[in-house]
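Visitor: I would like to learn how to read the features of a structure like this one. Could we go through them slowly, with the general idea before each case?

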Amino acid sequence: MAVIETAEKVLPAGLRPIGGRTLRMFAAMFTERGEKAAARRMALTAFSIRILSAALAFISQIVLARLMGEYEYGIFVFVWVLIVVFGDLSCLGFHTAIVRFLPQYKAAGAFDEIRGLTGTARIFAMLSGTVMLAAGMIGLHLFGDMIETYYLVPIFLGLLAMPMIALGDILEGTSRANHWPVMALSPVYIIRPILIIAFMLTAIAVGAEHTAVTAMQAALAATFVTALGQYGATLHRLRRHYDEGPRKVEFLAWLSVAFPIFLIEGVSFLLTNSDVIVVGIFLEPHDVAIYFAAAKTIALVHFINFSVKAASGPRFSSIIAEGDHAQLAAAAADAARWTFWPALGVGLVVLATGHLLLSLFGDAFTSGYLLMSILLAGILAKSLVGPAETLLMMAGKQNLCVTLYAGALATNVGLNLALIPHYGIEGTAVATASAMAVEAILLHVAVRRTLGIILFAFASPSAATPEMRVR
């Protein structure tokens, strides 16, 4: 309270009322007890870590591009995206299923189930990651002649990281379920990128070449160090909160929930990364590097959608529970407007500084400026419907979301296959932007038909139908 009162005195008179309320709100958030306060603290911490990690990821990619040049950098980012995508998918949704079950078990005092769930999930992740590793090695052996030679060694090294990536996802889910946001997010989003750069710089300092192979070796070492350190820290904290004892395993029940989650998150994850994968398959590493740098730069706009989505989910859920259709329509319209207009503003700022930002990667990367413009059009098209997928999932329409994401993914891949041979990386940008627009249209139609709400940044909440249709 003394800190708050001092801060209020320092603030200008006109800002004291709102500044005081804001400071007291944050003070309450960090001092109150209970699930609601813990959820707020976790959301704020998670968002702060994601902001920090975005800046860190952007800087680390610049450093890697500068160290290797666009050709070797293109090889590295293509392989690393592939490995991370399939490493995450190998968990089959168990990392999110933990978030679903563990809080319920904790509330019921079912500690046998908690010990069984967390232990089984770790074993499953290691086994599934190892199966993915073995499948990748077999594929590399059988179809190696069909893969460009400069990809072979980086892919081999990346495959070795599969079990550790899967384990890290499970440990992240375990920490999220226990409201340990720093332990959940900092290993993958902060520590691992820092270690990749540190190991890369160390390797170069002792005479290693500035190549994608060296970068993959650094990434492999960073993944092992991060995952094993996270494992030790998480296990120690679990033992402090849940005493040793018997374990109750309900594997089929957990898998029955995890697999549908895997379908939803898997299709969404593939949709997010399919453009880089397709570019890597059909074009040269130089093109991959330029496209990845342009996409990473304009992706700064995505944090608007991330922020609004994080805030809208609980609000949608509570309104749906109350059954107030008019209020839900108003909240959805607000979310769409709060997504579109800030995204437009931030996007124009990023675009205005695009040449400067791309030049940080290297002189050759400024040719990706046109790609940024095209991708921004797609991002803005998607932002017109705001967090529509969150609204559908809160209303129990998650299966519909899978279908919509699958449609958008098929559109993305199909347009890439059609446009890349004629237009190169510009064709990929057009395909990705078009898929975002298709996704927005599908979400708009789905929300209108299932919930009776016209979700559009320029629409009025009064346009919603009078009857609420949430089941």
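Visitor: How many salt bridges does the structure hold?

Guide: Please keep in mind that this is a predicted model, in which local features need pLDDT of at least 70 and side-chain atom pairs count only at pLDDT 80 or more, while totals for chains, interfaces and linings use all residues. Residues are numbered from 1 along each chain as its sequence is written, and side-chain values use heavy atoms, with hydrogens and water left out. As a general idea, side chains of opposite charge can pair when their charged atoms come close. The structure holds 5 salt bridges, each being a side-chain nitrogen of Lys or Arg within 4 Å of a carboxyl oxygen of Asp or Glu.

Visitor: Where do R115 and D112 lie?

Guide: Both are in helix α5, 3 residues apart, which is about one turn of the helix; helices here are DSSP runs of H or I with at least four residues, numbered from the N terminus. R115 forms a salt bridge with D112, and their closest N and O atoms are 2.7 Å apart. R115 is buried at a relative accessible area of 13%, whereas D112 is partly exposed at 30%, where buried means under 20% relative accessible area, exposed over 50% and partly exposed in between, with a 1.4 Å probe and protein chains only.

Visitor: Which parts of the chain does the salt bridge of E113 with K248 link?

Guide: E113 forms a salt bridge with K248, the closest N and O atoms being 3.6 Å apart. The pair links distant parts of the chain, with E113 in helix α5 and K248 in the loop between α9 (212–241) and α10 (251–282), 135 residues apart. Together with E250, these two residues are linked in a network of salt bridges.

Visitor: How many aromatic pairs are there?

Guide: A pair of aromatic rings is described by the distance of the centres and the angle of the planes. Rings of Phe, Tyr and Trp (its six-membered ring) pair if their centres lie within 6.5 Å, and planes under 30 degrees apart count as stacked, over 60 as edge-to-face and the rest as tilted. By this rule the count is 18 aromatic pairs. The rings of F58 and F361 have centres 5.6 Å apart and planes at 85°, so this pair is edge-to-face. F58 sits in helix α3 (residues 35–89) and F361 in the loop between α14 (354–359) and α15 (369–383), 303 residues apart.

How values were computed. Helices (H or I, at least four residues) and strands (E, at least two) are DSSP runs, numbered from the N terminus.
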